Amino acid sequence: MTIDKSLARKISGAYQSTYGQLVRFFRSRLGNSNDADNLSQDVFTLWLNRKAQDPVKENRAYLFKIASNVLIDHWRRNHQQSQSHTSIDEVVHEQSFEQTTADPSEILEHQQRIARLGEAIDLLPPRRKEAFLLYRFDGLSQSEIAERMEISISMVEKHIAAALVHCKKYLDDQSNHS
C-alpha cells in the first residue's frame with residue numbers, strides 16, 4: 001500500500017492541527033511531558049501503519065480514539081513493569097534466549113526492514129532529517145528542536161510529519177518491490 005499525496009496532506013494537516021492537543025491530552029493524564037510527546041507521536045505512527053482501507057472521516061475523533069488506546073496500553077505496560085520482580089539480568093538473558101530461538105527468516109526480515117528505514121531516513125532533506133532524528137532518536141521535545149535549529153515549532157512539526165509520511169511511503173514501496 002502506498003500513501004497517495006492527498007492522504008499525505010491529510011495526515012500532515014491533522015498532525016499540525018491536532019498534535020498539540022494530543023500532547024495536552026497525555027500530559028494532563030500522565031503529568032510527564034516526555035511521555036506525552038512520545039505517546040502523541042505514537043498515535044500518528046499507528047495511524048500511518050493501520051491496515052484498514054476505509055478512509056477516516058473525522059481525523060480528530062479518530063486520533064483521540066487511538067490516543068485513548070495508546071494511553072491504556074501505556075498504563076498497562078507501566079503496571080506490568082511495577083508488578084514484575086524479575087532482575088535486569090533475567091530480562092537480558094531471556095531476550096538473548098528469545099533471539100537465539102527466533103525463526104532466522106523473521107530475524108532477517110526485521111534486519112532488512114531496519115536497513116530500509118535507514119535508507120529512507122538518509123533520503124530525507126538535511127533539515128528534515130535533522131529534526132526527525134533529534135525528535136525520534138535523541139528524544140528532544142519539539143520546542144527544544146525549534147530552539148536548536150532556530151526555526152518555529154510549527155516548522156518542526158511539519159518536518160516530523162513529512163519525515164513520517166516519507167518513511168512510511170518508502171517502506172511500503174520497498175515492500176511492494178520485494
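## Overall layout

Contact here means heavy atoms within 4.5 Å. By that cut-off, 65% of the chain's contacts between residues at least 6 apart in sequence join residues at least 24 apart. The model is predicted.

The chain holds eight helices and zero strands. From the N terminus on, the order of elements reads α-α-α-α-α-α-α-α. The chain has 178 residues, and 33% of them are buried.

## Packing of α2 on α8

Helix α2 covers residues 33-48, and helix α8 covers residues 153-177. The two pack at an angle of about 30°, and their axes lie 11 Å apart. Angles under 35 degrees count as roughly parallel, so α2 is roughly parallel to α8. The crossing of these two helices is right-handed.

Which residues make the contact? From α2 come Q41, T45 and L48. From α8 come I160, L164, V165 and K168. By type, the residues of the contact of α2 with α8 divide into four nonpolar, two polar and one charged.

## Aromatic pairs

A pair of aromatic rings is described by the distance of the centres and the angle of the planes. This structure holds four aromatic pairs. One of them joins F25 and F64. Their ring centres are 5.5 Å apart. The planes stand at 90°, and the pair is edge-to-face. F25 sits in helix α1 (residues 5-30) and F64 in helix α3, so the pair ties together parts that are 39 residues apart in sequence.

F25 has 13% relative accessibility, so F25 counts as buried. F64 has 16% and counts as buried too. Elsewhere, ring pairs link Y15, Y19 and F44 into a cluster.

## N59 in helix α3

N59 belongs to helix α3, which runs over residues 59-83. Its relative accessibility is 18%. The cut-off for buried is under 20%, so N59 counts as buried.

What does N59 touch, not counting residues up to four places away in sequence? The partners are K10, A14 and W47.

## C167 in helix α8

C167 is placed in helix α8. Its relative accessibility is 5%, so C167 counts as buried.

Leaving aside neighbours within four places in sequence, C167 is in contact with L117, A120, I121 and F132. How far is C167 from G118 in space, C-alpha to C-alpha? The distance is 9.1 Å. Along the sequence, C167 and G118 are 49 residues apart.

## E150 in the α7–α8 loop

E150 lies in the loop between α7 (142-149) and α8. Most residues other than glycine have a negative phi. E150 is not a glycine, yet its phi is positive, at about 60°.

Is E150 buried or exposed? Exposed means over 50% relative accessible area. E150 has 73% relative accessibility, so E150 counts as exposed.

Note on methods. Residues are numbered from 1 along each chain as its sequence is written. This is a predicted model: local features need pLDDT of at least 70, side-chain atom pairs count only at pLDDT 80 or more; totals for chains, interfaces and linings use all residues. Side-chain values use heavy atoms; hydrogens and water are left out. Axes are lines fitted to C-alpha atoms, for helices over the stretch in contact, and angles run from 0 to 180 degrees between N-to-C directions. Helices (H or I, at least four residues) and strands (E, at least two) are DSSP runs, numbered from the N terminus. Angles under 35 degrees count as roughly parallel, over 145 as roughly antiparallel, 65 to 115 as roughly perpendicular and the rest as oblique. A crossing is left-handed if the near helix is turned anticlockwise from the far one by less than a right angle, and right-handed if clockwise. Ala, Val, Leu, Ile, Met, Phe, Trp, Tyr, Cys and Pro count as nonpolar, Asp, Glu, Lys and Arg as charged, and the others, Gly among them, as polar. Buried means under 20% relative accessible area, exposed over 50%, partly exposed in between (1.4 Å probe, protein chains only). Rings of Phe, Tyr and Trp (its six-membered ring) pair if their centres lie within 6.5 Å; planes under 30 degrees apart count as stacked, over 60 as edge-to-face and the rest as tilted.
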